[in-house]
Amino acid sequence: MTDTDEQSKTPQAPRTRTAPDAPTAAPAPVPGGAAPGRSPQGVEHNEPERTAPPDVRRPRRRPGAPSTPTPPPPTPQSPAAASAPVPPKLGRFLARAAAVTAGLTAAGALFGLVRDQAIAHLFGASVDSDAFLIAWTVPEMASTLLIEDAMALLLVPAFSHALARRAAQRTQDPALSYDAVRALVLATLPRLSALLACVACLLVLGAPWVVRILAPGFSDPALAVDCTRLTAVTVLTFGIAGYFSAALRAHRKFLQPAGVYVAYNLGIIVTTLTLHSLWGVRAAAAGVAVGSLLMVLTQLPTFLGLAAGPRPRPRPGPRPRTGLRPRAAAPLLGTAVLAPVVLFAIGRQSQVLVERFLASSLPGGAISHLNYAQKVAQMPMVLSLMICTVTYPVVARAMAEGDHEGARLRVERDLALAAMVVLLGTALVLGYAPQIVEVLFERGAFDAQDTATTATVMRVYAAGLLGHCLVGALSRPFFSTGRPTWYPAAAMAAGLLVTTAVGAAAVGRFGVHGIAAANAVGISTTALLLLSGLGSRVVSIRVRAVSASFARLAVAGHAAAATGWTVAPMAAGPLPSVAAGCVLVPAVFVLTGLAVRAPEVVHLLALTRQRFRHGR
């Protein structure tokens, strides 16, 4: 086809006569950066584009004159794409995802309370429940490493980078058969499964030594050994479930990962209630294994669909050579990146190991009191971190695309929202701890003395809830770049040393209360170190502004907690008291937040008012 023929098929504006020997004007750039009928790489499409404006004439090119190249459109990794504004739909999607995740997390926490109630009702705070809790250290450690922290911190950035490469490669060549996401799965999942299966077998064989290390002063190690062997399977199942969760979240699929703890706790409850008359507390340990398997099955169908990936679009004729070569399948999972994340996660979970080690020499039931208090007290922290769980793939994708300003704004907003949620929950725990424990646990073998001890321990734990929340929220930006960073592991080690030193000094005089206080002091130390180090190392957040926001929210939390502590004993019973506190504490928190002009409270109130107006 000649140039004249090509022009005759393109809409033209009326021509103007020019001098015969006038120089030819440079070609006008076509919107989108490509000539009509051609891709950015110059590959013919099946039909020409029809997006050129009719009033722009494409000048005739003289025979033999070189054509002016047009730049390709920005790829997902280019600075132009990184600086593009975030679509409004993303904000609405994140809000819906956060709501779904928070709802299912709350449901999982509710079933977790039912699980703890069943164990407390059947076994109380006794040697049997302590044996189960010693064995439960294995799945707790596995959950932190393989679901909540290490696996997510490693794999969400890895899958985000793989998705970015997939988008760039499919933009250049839609018929490319290589898929970066599928290559990542094939390179990592089989090896990970084999490694975790070996670790689970070693735990089964070495259960007596594990119990001796975890609780050297325990009075019935044989029972704890049996329970540990039953729970050892979670090393494999939690690893696979955590892998699936990270992959799905990177694909912005949050429903199945948020529902895994519902399935997990249902498996424990049903198995415990069914088999406790035959196996005693070993039934609860078997339930942990059953529940962990349900976590895998809950996510398996969706994961298989995403791992297959979109099929390449076939194109007639020979496939052009684009110069794309498959890169390493897992560039972000090398030892240099893996080691700091694993050590950070181990250090965080070691807080629990230190507590149970120190409490094993105390009278029977001490480990149970710490466990029940910690599980209830940390519910606000778990709910607050759902915000960061949903937005972590967004931060990782922004870092992968070079959008550091977008990542900074996202991190600051997440820290403020998470702090507001956790401080509101802390106020409720501080004000109504005895009533909450009585409503949840005081029945069967769990008596009034257990309620009093657990409630006081829970109030001590509550002092460190903001620290726990900030450690979980601040660690994610550190690991979102995929580059090795040892600072979070060093900060966690410093906090663990503080926990160990304070706990060893306080356990003799204050018992379980001294252990809980050591946990709060240690985790708060780690949070301060992470907050001060994030701005200068990864994301340049405004530390002073964020700290000032925390201070205003803390004032609101203290006022709400003091009000609840004063009013709680005035109610007729524990259930009406807790119900009234669920209204009173948020009301005082919001009013005090408005009085001290906490930005998050003001923004939340304005957003709520706007929604009501639109609803009308």
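These legends describe close-up views of a predicted model. Residues are numbered from 1 along each chain as its sequence is written, and side-chain values use heavy atoms, with hydrogens and water left out. Local features need pLDDT of at least 70 and side-chain atom pairs count only at pLDDT 80 or more, while totals for chains, interfaces and linings use all residues.

**View A. A salt bridge joins K375 and E140.** A salt bridge here is a side-chain nitrogen of Lys or Arg within 4 Å of a carboxyl oxygen of Asp or Glu. By this rule the count is eight salt bridges. In this pair, the closest N and O atoms are 2.8 Å apart. K375 belongs to helix α15 (residues 366–377) and E140 to helix α5 (residues 137–148), so the bridge ties together parts that are 235 residues apart in sequence. Helices (H or I, at least four residues) are DSSP runs, numbered from the N terminus. K375 is partly exposed, at 22% relative accessible area. E140 is buried, at 12%. Buried means under 20% relative accessible area, exposed over 50%, and partly exposed in between (1.4 Å probe, protein chains only).

**View B. Helix α15 is mostly covered.** Of its 12 residues, 11 are buried. Among them are I367, H369, L370, Y372 and V376.

**View C. R282 and D226 form a salt bridge.** The closest N and O atoms are 3.1 Å apart. The pair links distant parts of the chain, 56 residues apart. R282 sits in helix α13 (residues 282–308), and D226 in helix α9 (residues 221–231). R282 is partly exposed, with a relative accessible area of 31%. D226 is partly exposed too. Its value is 29%.

View D. R408 counts as buried, at 11% relative accessibility. E405 is partly exposed, at 44%. A network of salt bridges links E405, R408, E412 and R542.

**View E. Helices α8 and α9 pack at an angle of about 120°.** Their axes lie 9 Å apart. Axes are lines fitted to C-alpha atoms, for helices over the stretch in contact, and angles run from 0 to 180 degrees between N-to-C directions. Helix α8 covers residues 207–214. Its side of the contact is made by A207, P208, V210 and V211. On α9, the contact residues are P221, A224, V225, T228 and R229. Contact means heavy atoms within 4.5 Å. By class, the contact has seven nonpolar, one polar and one charged residues. Ala, Val, Leu, Ile, Met, Phe, Trp, Tyr, Cys and Pro count as nonpolar, Asp, Glu, Lys and Arg as charged, and the others, Gly among them, as polar.

**View F. R597 has a positive phi without being a glycine.** The angle is about 55°. R597 lies in the loop between α23 (574–595) and α24 (599–615). R597 is exposed, with a relative accessible area of 62%.

Definitions and conventions: Helices (H or I, at least four residues) and strands (E, at least two) are DSSP runs, numbered from the N terminus.
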